[in-house]
Amino acid sequence: MAGSTGARLPLQGGLPPGEALTGTVREIACDESGFSGTNLLDPATPVIVHASVDLGRDEAAELIRTLRSGFRFSPDEVKSRQFLRRREAAEAVQWFLSALRGRAHVHLVDKEFFLATRVVDLLLAEPSYAAGTRLAGDRRPAAAALHRAGRAAGPDWAAFLAAVVEMLRTKRRDRADDRSVERFFAARDVLRRHVDDTRAGAVLDVLDPARVAAVQARLYAGDRTIPPPLEPLLPALAETVLHWSAGRRRVLVIHDEQSALTEDRLRRLQAALAASDPAGPSPLAGLVMTDSRDDPRVQAADLLAGVARRMPGAPGDGPLRPLLSPPAPNAAAEPAEQEAT
């Protein structure tokens, strides 16, 4: 909303299809929960959830009406926070998730694990928009090993991750006296003394100050070929598109407005996804921004994302399990990394 006039600001970002879509195209609606910008170490939101639904407008509207009939919700939207506070929440959640079975997908991103992938994918390999997704799955075991060993190391792991964030957060920083790379390697050295795992130790040992400084310099220079290093929503979107595409169809995404999904980033992600199958077009047909108040499909995705993030216990063991993708290979030991990025 803009000021007190009630006027809505124009929607920002997105990548509308540039041509009439032909062939098999699946239209899905998406929203996220737990997005905290570059503040990836906020203990209140350790996980970001990207949820998507394969529903028509009328189906989604009927779903929302059915949920609202037993509760007093806002006339515009049903929100998970108020939804889960209701006395009847457990029964309603069970009904909601059952109604979405086979028509929805939930992708979870453990933010600490995401930072571990940044160390491997950006600082040890050539940065790319495929990094952190199944398209770069050969790097996943190293990131998973670093994550497990780091968590076992105690407070030094938190200090190391904070140094990673500081080094990769290049906006609004006084670069005249930037010693963030030096502090990163000091934190690496402290952590290394507490890491016994061979694979995790190898990741830490091979980090090279000159290479890390070169990556940071590219970020400072605004090199757009490098994906935003502290932005988990892009690889989460990639995994969502790959799930619905299933290698057979293109996917048109209807998404609640999200500043991270700029046209340039989406074009680069589209190209990265196309590279997985050079014989055909990109599975990402386009992404259209909308206001969730105007689209009941996005309201359903928003509610699903919020419920998934706030559900108690391990999501893989509860009623959410049928909507989660199977764990990625070599990541089964990471409970919060169901298709994690």
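Trainee: Which helix supplies the largest share of the lining of the largest pocket?

Mentor: Please keep in mind that this is a predicted model. Rolling a probe the size of a water molecule over the atoms shows where empty space is left. Here, the largest share of the lining of the largest pocket comes from H9, with three residues. At least two residues of that lining are supplied by each of H9 and helix H11 (263-274).

Trainee: How many residues line the largest pocket, and which lie nearest its centre?

Mentor: The lining consists of 27 residues, and Thr 170, Lys 171, Pro 228, Pro 229 and Arg 265 lie nearest the centre of the pocket. The space within this largest pocket is about 630 Å³. Sorted by class, its lining has eleven nonpolar, six polar and ten charged residues.

Trainee: How many cavities of 30 Å³ or more does the structure hold?

Mentor: A cavity differs from a pocket in that the probe fits inside but cannot get out. The structure holds two cavities of 30 Å³ or more. The largest cavity contains about 60 Å³ of space. Among the residues that line this cavity are Phe 114, Arg 118, Tyr 129, Glu 231 and Leu 234. Helix H4 (111-123) and helix H10 (233-245) are the elements that give two or more residues to this lining. By class, the lining of the largest cavity has eight nonpolar, one polar and two charged residues.

Trainee: Which element gives the most to the lining of the second largest cavity?

Mentor: H4 gives the most, with three residues. The volume of the second largest cavity is about 50 Å³. Its lining includes Thr 117, Val 120, Asp 121, Arg 139 and Arg 140. The elements that contribute two or more residues to this lining are H4 and helix H5 (140-152).

Trainee: Where do the buried residues of H3 lie around its axis?

Mentor: In H3, Ala 89, Ala 92, Val 93, Phe 96, Leu 97 and Leu 100 are buried. They cover an arc of only 130° around the axis, which puts them on the same side of H3. The exposed residues Ala 90 and Glu 91 are carried by the face turned away from that buried side. H3 is followed by Gly 102, which has a positive phi, near 85°.

Trainee: Which residues of H7 are buried, and what covers them?

Mentor: The buried residues in H7 are Ser 180, Val 181, Phe 184, Phe 185, Ala 187, Arg 188 and Leu 191. They lie on the same side of H7, because they cover an arc of only 160° around the axis. What covers them includes H4, H5, helix H6 (155-168), helix H8 (198-206) and helix H9 (209-220). The length of H7 can be checked as well: its 13 residues should span 18 Å at 1.5 Å a residue, and its end C-alpha atoms are 18 Å apart, which agrees.

Trainee: What does Val 241 touch, apart from residues up to four places away in sequence?

Mentor: Val 241 touches Val 251, Val 253, Leu 273, Pro 283 and Leu 284, with residues up to four places away in sequence not counted. Val 241 is found in helix H10, and at 0% relative accessibility it counts as buried. Val 241 and Ile 28 are 213 residues apart along the chain, and their C-alpha atoms are separated by 9.0 Å.

Trainee: What is the phi of Ala 246?

Mentor: Most residues other than glycine have a negative phi. Ala 246 has a positive value, near 55°. This residue is in the loop between H10 and strand S4 (250-256). Ala 246 counts as partly exposed, because its relative accessibility is 36%.

Methods: Residues are numbered from 1 along each chain as its sequence is written. This is a predicted model: local features need pLDDT of at least 70, side-chain atom pairs count only at pLDDT 80 or more; totals for chains, interfaces and linings use all residues. Side-chain values use heavy atoms; hydrogens and water are left out. On a 1 Å grid over the protein atoms alone, a cavity is a set of points where a 1.4 Å probe fits but cannot get out, and a pocket is an open set with protein on both sides within 12 Å along at least five of seven lines; lining residues have an atom within 4 Å of a point. Grid points are joined across faces, edges and corners, and a volume is the space filled by probe spheres set on the points. Helices (H or I, at least four residues) and strands (E, at least two) are DSSP runs, numbered from the N terminus. Ala, Val, Leu, Ile, Met, Phe, Trp, Tyr, Cys and Pro count as nonpolar, Asp, Glu, Lys and Arg as charged, and the others, Gly among them, as polar. The expected span of a helix is 1.5 Å times one less than its number of residues. Buried means under 20% relative accessible area, exposed over 50%, partly exposed in between (1.4 Å probe, protein chains only). The arc is that of the directions from the helix axis to the C-beta atoms. Contact means heavy atoms within 4.5 Å.
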